[in-house]
Amino acid sequence: MSDDRSLIGTGSSAEVWAIDDDRVLKLYHAHANAIPVALEEAAARAAHALGLKVALPLGRVEEGGRLGIMFERIYGPTMLAQMVRDPGRMWTLVRSLALYQARLHRDAPAWPSTTIPKVHTVLAHRIGLSAASARAKAKALARLDSLSTGDRLCHGDLHPDNMLIASSGPVAIDWSKAMIGDPAADAARTALLIRYGASGAKGGAWVWRLGAAMSAGWYLFCYCRASGMAVRSIRDWRLPVAVAWYRGQPELNRSGIAAWIEREAAR
């Protein structure tokens, strides 16, 4: 591996290194096992097969006992960075995120994958680990049991900091939380991330927080119009998705999401 590589990004699960003009290496932290690595590679390939713009995986690597994936290099800022730089483009950018996601959900993958887990399986496990109240967890599991399974590829963590604005259009990155299931679950997750998530934590909190509720509403409008899905279908998924997501993370709008969960569980 070249000594000229440079660190261009870091997160809770991995570092991203620029290797050369055409490749980047996503190198997972030492505690990561092979499961999320295989999941991300399989999901990114599945999205590419559906005609979506993604950073194409070029193969898995191991370096210093750490696992990683070599990806095609995509040039462009994150959607969040673009919003911070030019707040007037927020509505256009949110719409482009919704259109990308609607296209992702349009067709089922052409091949079954045992690597990508099911939405119901993942959410049931995460609800058990949630920091929400026992009442909210019980209500979330009951709601989950009543919802359809579905067969579409879901990104699982689609938000403005996981979208790159390339010259050819938006590109989704970080497919490590991908699932197969009802696309309404994926849309519910994105709407909640926009409303309560940490997208604004990296230098642009004032931009994102200012219009969080309006942005989430605009996202839902654009997604439903593009996909033909009824907003009621997405709202049915919000409680199980929110409870599964909530672990008391310090970067979240904790008082907002925790209060919302308890209000919803009391209905």
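Are Y219 and Y223 buried or exposed? Both Y219 and Y223 are buried, where buried denotes a relative accessible area under 20%, exposed one over 50%, and partly exposed a value in between, computed with a 1.4 Å probe on protein chains only. The model is a predicted one, in which local features need pLDDT of at least 70 and side-chain atom pairs count only at pLDDT 80 or more, whereas totals for chains, interfaces and linings use all residues. Residues are numbered from 1 along each chain as its sequence is written, and side-chain values use heavy atoms, with hydrogens and water left out.

Aromatic rings were examined next. Rings of Phe, Tyr and Trp (for Trp, the six-membered ring) are paired if their centres lie within 6.5 Å, and the pair is called stacked for planes under 30 degrees apart, edge-to-face for planes over 60 degrees apart, and tilted for the rest. By this rule the count comes to two aromatic pairs. W218 and F221 form a stacked pair, at 5.7 Å centre to centre and with 15 degrees between the planes. Both residues belong to helix α8 (residues 212–227), in which W218 and F221 are three residues apart, about one turn of the helix; helices are DSSP runs of H or I with at least four residues, strands are runs of E with at least two, and both are numbered from the N terminus. W218 counts as partly exposed because its relative accessibility is 29%, and F221, at 44%, is likewise partly exposed. Y219 and Y223 form a stacked pair, with 6.1 Å between the centres and 25 degrees between the planes, and these two residues also lie in helix α8, four residues apart, about one turn of the helix.

The structure holds zero disulfides, a disulfide being a pair of cysteine sulfur atoms within 2.5 Å. For C222, the nearest cysteine sulfur is that of C224, 9.6 Å away. C222 is buried, with a relative accessible area of 5%, and C224 is buried at 13%.

Charges over rings were also identified, the criterion being that NZ of Lys or CZ of Arg is within 6 Å of the ring centre and within 35 degrees of the ring normal. The charged end of R5 sits over the ring of W17, at 4.8 Å from the centre of that ring, while R195 lies over the face of Y196, at 4.8 Å from the ring centre.

N162, in the loop between β6 (152–154) and β7 (163–166), counts as buried because its relative accessibility is 7%. Its side chain reaches the backbone oxygen of D157 at 2.9 Å. With contact taken as heavy atoms within 4.5 Å, and not counting residues up to four places away in sequence, N162 touches H155, D157, V171, A172, I173 and D174. S176 is found in the loop between β8 (169–172) and β9 (179–181) and is buried at 13% relative accessibility. The side chains of S176 and D174 are joined by a polar contact of 2.7 Å, and, leaving aside neighbours within four places in sequence, S176 is in contact with Y28, P36, L39 and E40.

Terms used:
A polar contact is a pair of N or O atoms within 3.5 Å; within protein, one must be able to donate a hydrogen and the other to accept it, and residues adjacent in sequence count only if both atoms are side-chain atoms.
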